[in-house]
Amino acid sequence: MKEDNDIKVPKNERSLFDSPLNGKTKLTASDILLAHRIKELLEKNIDEKVSSLKELSRLVGVNELKLKTIFRSVFNSSVYKWVSIQRMMKAKELVLDTDTPIKEISMLTGYSMVCNFITTFKKHYGCSPGKLRKARSLS
């Protein structure tokens, strides 16, 4: 296994490694790799509810504060907000590109209650998934 010092960082990406997290700590190559590992884990399980940051941090082997700090520093978003945005992007794609029922789309994107899914979708896109689908079929 390579040490952090063995990783070559392109000049245009070095600012990521030098950016301060809380004024005292700097990101290391392993921190950035960890953030991407967390992201991949979340992507693979996008249809499931994020049980808790505590559980997620246990899965990746870091404490909760480090997980939140590293993720926000690398992706400029909290874990929960990032997951919500990814779910909405997947939902919009399914609404526009398939005839999958809205109820099923809500389940496929991690929402157990359709009303919560529709409310979140409206907040994110300004209309319900049903209206978006109708607009697609009219064009």
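**Labels and their cut-offs**

Modeller: Let's begin inside one helix: Glu-43 and Lys-39 sit 4 residues apart in helix H2, a separation of about one helical turn. This is a predicted model, where local features need pLDDT of at least 70 and side-chain atom pairs count only at pLDDT 80 or more, while totals for chains, interfaces and linings use all residues. Residues are numbered from 1 along each chain as its sequence is written, and side-chain values use heavy atoms, with hydrogens and water left out.

Colleague: What makes Glu-43 and Lys-39 a salt bridge?

Modeller: The term asks for a side-chain nitrogen of Lys or Arg within 4 Å of a carboxyl oxygen of Asp or Glu. For the side chains of Glu-43 and Lys-39, the N to O distance is 3.9 Å, so the pair meets the definition.

Colleague: Why are Glu-43 and Lys-39 called partly exposed?

Modeller: With a 1.4 Å probe and protein chains only, buried means under 20% relative accessible area, exposed means over 50%, and partly exposed is in between. Glu-43 has 38% and is therefore partly exposed; Lys-39, at 22%, is partly exposed too.

Colleague: How many salt bridges does the structure hold, and which one ties together parts 35 residues apart in sequence?

Modeller: There are 4 salt bridges. Among them, Asp-31 and Lys-66 meet at 3.6 Å, N to O. Asp-31 belongs to helix H2 (residues 29-44) and Lys-66 to helix H4 (residues 64-75), so the pair links parts that are 35 residues apart in sequence.

Colleague: Is Asp-31 buried or exposed, and which residues does Asp-31 contact?

Modeller: The relative accessibility of Asp-31 is 7%, so Asp-31 counts as buried. Lys-66, at 37%, counts as partly exposed. Contact means heavy atoms within 4.5 Å; leaving aside neighbours within four places in sequence, Asp-31 is in contact with Lys-26, Lys-66 and Ile-70. The other buried residues of H2 include Ile-32, Leu-34, Ala-35 and Ile-38.

Colleague: What can you say about Glu-55 and Arg-58?

Modeller: Their side chains also form a salt bridge, at 2.7 Å, N to O. Both residues lie in helix H3 (residues 53-60), 3 residues apart, about one turn of the helix. Glu-55 is partly exposed at 28%, whereas Arg-58 is exposed at 55%.

Colleague: How do you know what counts as a helix here, and how many helices are there?

Modeller: Helices (H or I, at least four residues) and strands (E, at least two) are DSSP runs, numbered from the N terminus. The protein has 8 helices and 0 strands. One of the helices, H2, has 16 residues and spans 23 Å from first to last C-alpha, close to the 22 Å expected at 1.5 Å a residue; the expected span is 1.5 Å times one less than the number of residues.

Colleague: Why is H2 described as roughly perpendicular to H4?

Modeller: Two packed helices are described by the angle between their axes and the distance between the axes. Axes are lines fitted to C-alpha atoms, for helices over the stretch in contact, and angles run from 0 to 180 degrees between N-to-C directions. The axes of H2 and H4 come within 9 Å and cross at roughly 90 degrees. That makes the two helices roughly perpendicular, since angles of 65 to 115 degrees get that label, while under 35 is roughly parallel, over 145 roughly antiparallel and the rest oblique. The contact includes Ile-32, Ala-35 and Leu-42 of H2 and Leu-67, Ile-70 and Phe-71 of H4.

Colleague: Where is Asp-99, and which residues does Asp-99 touch?

Modeller: Asp-99 is in the loop between helix H5 (79-97) and helix H6 (102-108), and a relative accessible area of 67% makes Asp-99 exposed. Not counting residues up to four places away in sequence, Asp-99 touches Arg-133 and Arg-136. The C-alpha atoms of Asp-99 and Arg-133 are separated by 8.8 Å.
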